[in-house]
Amino acid sequence: MVGGGQLARMTHQAAIALGQSLRVLSQAPDDSAALVAADVRIGTHTDLSALREFAKGCDAVTFDHEHVPTGHIAALAAEGVKIYPGAEAIVFAQDKRRMRERLSELGAPVPRWRPVSTAAEIADFAAEVGARPGEGSGWPVVAKAVRGGYDGRGVWMLADLAAAEELVATGVELIVEERVPLRREIAALVARSPFGQVAAYPVVETVQRDGICVEVLAPAPGLPEELAVEAQQLAIDLAHALGVVGLLAVELFETADGIVVNELAMRPHNSGHWTIEGARTSQFEQHLRAVLDYPMGETSLTAPAVVMANVLGGAPGGMTLDERLHHLFAADPGVRVHLYGKQVRPGRKIGHVTVLGDDMTSVRARAARAARWLQEGK
Ligand SMILES: Nc1ncnc2c1ncn2[C@@H]1O[C@H](COP(=O)(O)OP(=O)(O)OP(=O)(O)O)[C@@H](O)[C@H]1O
Ligand SMILES: [Mg+2]
């Protein structure tokens, strides 16, 4: 796996049970996965010769992020490396403009959007959105960096022309979208193997704060069966149409008029961490099965209600993380904890907790309490 973050760390855990050994290409020896995997190579994913050396002897090569240049992926594939997802698929997870163009071509529901390079173009777009009945002024609009964004970095709610001018002055390549009147955010996770088999997980609700996913509820509470099936079918259709091998996470907005695609990810995804305990097959194992072309594992829930809550780095001071863990385990022995071994920085994802149970409301409260405790020590 190229990339040594927490996704590689959790994939490593799943690889052990499959009798595989996960080799990791990590930027630094203290990256999350480099701390635990036995076979770690230090190198940069933008360095083709490092990638080539890394791939030697691997059954398959895959990624814990979407930042490997597609030219490098294509070059390795041409040299006979089984590398998934391929360049022609992953580009739609790397580049939000290409993603929106392709989704539009495929007839998938997307927000109104446009590539822009000047503040005047952003203002024109807002005026067009505002010209529709019931849309107010059209502002705010959502601007997104075409490449490189994550955890809400690279997404800006622009209130007016002045905000648009300020952003355009930074020189970042942008698309602009209407702000979707969303009821909530949901996600559909599927896996696809080179053989073409797909497996779909139950659709989940994702709760974001300040652009970061903080909670995932599985299954999405109160989601009508026909919408859940529609979301799963959409994800399956996209996986086939884009030729994805491995996991595909489709982030969706639920609106009064149905579902709209926000974005695509082609790797284990934060919206699937709950599957480690909450599904018969974890997303990490499923991703490995897919890229190794094994048959897919069962995706059904192991409990009626499953909640994952992210643990973000809190303010320094107070009890150490280890002391907090000790108290948490004493207070709620049913909570499952995953810590990523990362340096604590405010707002950084340093771990997650998962709680399983019968009643979503109480499961959610326990997960939130556990995450808050690890984060804030209170
Ligand atoms: N068109 C939109 N209308 C309303 N809200 C939006 C829109 N686009 C994005 N958002 C909000 O901003 C969040 C982050 O957007 P997006 O998923 O595109 O960014 P990201 O930084 O790539 O995300 P990730 O954290 O998944 O890497 C979304 O989860 C949603 O809450
Ligand atoms: Mg997102």
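Predicted model: local features only at pLDDT ≥ 70, side-chain atom pairs only at ≥ 80, totals over all residues.
**Entry 1, domains.** I began with how the protein is divided, and I found domain 1 at residues 6-83, domain 2 at 112-178 and domain 3 at 182-376. I then looked up the separation of two of these, and the C-alpha centres of domain 2 and domain 3 lie 29 Å apart.

Next I turned to helix α2, which covers residues 48-55, and helix α3, which covers residues 70-78; their axes are 10 Å apart and the two pack at an angle of about 40 degrees.

Which residues of α2 and α3 meet? On the α2 side I listed Leu-48, Leu-51 and Arg-52, and on the α3 side His-72, Ala-75 and Leu-76. Sorted by class, this contact of α2 with α3 has four nonpolar residues, one polar and one charged.

How many salt bridges does the structure hold? I recorded 20 salt bridges, and I picked one to follow, in which the side chains of Glu-178 and Arg-112 meet at 3.5 Å, N to O. This pair links distant parts of the chain, for Glu-178 sits in strand β6 (residues 174-178) while Arg-112 is in the loop between α5 (96-105) and β3 (113-116), and the two are 66 residues apart. As a reminder to myself, side chains of opposite charge can pair when their charged atoms come close.

Notes
Residues numbered from 1 in each chain as written. Chains lettered and ligands numbered in written order. Heavy atoms only, no water. Axes fitted to C-alpha atoms, helices over the stretch in contact; angles between N-to-C directions. Helix = DSSP H or I, 4+ residues; strand = E, 2+ residues; numbered from the N terminus. Contact = heavy atoms within 4.5 Å. Nonpolar A, V, L, I, M, F, W, Y, C, P; charged D, E, K, R; others polar. Domains from an automatic or database assignment. Salt bridge = Lys/Arg side-chain N within 4 Å of Asp/Glu carboxyl O.
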